[in-house]
Amino acid sequence: VMLFGTQMVAAQKPVPTYFIEPIDARMQRLYWNKLEPDVLIFDTVASRPATLFSRLTNAYSTWYVPKPEWIALVGSPTPRALLDAGFSYAYIDDAYWDLLGPADQEGLMLDCVELVQEFRQPDPADLPRDEFRWLVDLRGCEE
């Protein structure tokens, strides 16, 4: 009864989990369970696709053990390699983008990669970089 009372108060203002930023919550409001069934979404935060899109990522073999092939994709996420691994979409954040080399960034900017949705949020410290999230469709690169 005591726990229920606390939950009732908290339910009035839900708080997202630690790995979901407000910018991610915007994406979730638009795309929760809206993408095609059974598509895989590549994301370096492996639990984010299930949380934001209600879609799997196929990144871990157990709760704590990432698959070696997923680790290799994180290091070099070419559209062809992502498609060959079964991913149809990629969810890319600014932190991951900054870690990628120029060749990998260029690969994710090819004409065949379709930007489905982009959200930008200005940096609160007025730094030269904005926070962003991209949902991209890779299937145009299948040819």
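# Reading burial, packing and a disulfide

User: Does Asp38 count as buried or exposed?

Analyst: Asp38 counts as exposed, because its relative accessibility is 77%; buried means under 20% relative accessible area, exposed over 50%, and partly exposed in between, with a 1.4 Å probe and protein chains only. This is a predicted model, in which local features need pLDDT of at least 70 and side-chain atom pairs count only at pLDDT 80 or more, while totals for chains, interfaces and linings use all residues. Residues are numbered from 1 along each chain as its sequence is written, and side-chain values use heavy atoms, with hydrogens and water left out.

User: Where does Asp38 lie?

Analyst: Helices (H or I, at least four residues) and strands (E, at least two) are DSSP runs numbered from the N terminus, and Asp38 sits in the loop between α2 and β1. Between the C-alpha atoms of Asp38 and Leu56 there are 7.6 Å in space, although the two are 18 residues apart in sequence.

User: Which residues of helix α2 are buried, and what do they pack against?

Analyst: In α2, which spans residues 22-31, the buried residues are Ile23, Asp24, Ala25, Met27 and Tyr31. They pack against α3 (48-53) and against the strands β2 (87-93), β3 (114-121) and β4 (131-137). After α2 comes Asn33, with a positive phi near 60°.

User: How many residues does the largest nonpolar core have?

Analyst: A nonpolar core is a set of buried Ala, Val, Leu, Ile, Met, Phe, Trp, Tyr and Cys residues joined through side-chain atoms within 4.5 Å. The largest one here has 21 residues, and Phe42, Leu82, Ile92 and Trp97 are among those with the most contacts inside it. At least two residues of this core come from each of β1 (40-42), α4 (68-75), α5 (79-84), β2, α6 (94-99) and β4. Apart from it lies another core, of 14 residues, including Met27 and Tyr91. Leaving aside neighbours within four places in sequence, Ile92 is in contact (heavy atoms within 4.5 Å) with Trp97, Leu108, Phe132, Arg133, Trp134 and Val136.

User: Which cysteines form a disulfide?

Analyst: A disulfide is a covalent bond between the sulfur atoms of two cysteines. The test used is a pair of cysteine sulfur atoms within 2.5 Å, and the count comes to one disulfide. Cys112 and Cys141 form it, with their sulfur atoms 1.9 Å apart, and their link is right-handed, with 90° about the S-S bond. Cys112 lies in the loop between α7 (102-107) and β3 and Cys141 in the segment after β4, so the pair ties together parts 29 residues apart in sequence. Cys112 counts as partly exposed because its relative accessibility is 26%, whereas Cys141, at 10%, is buried.
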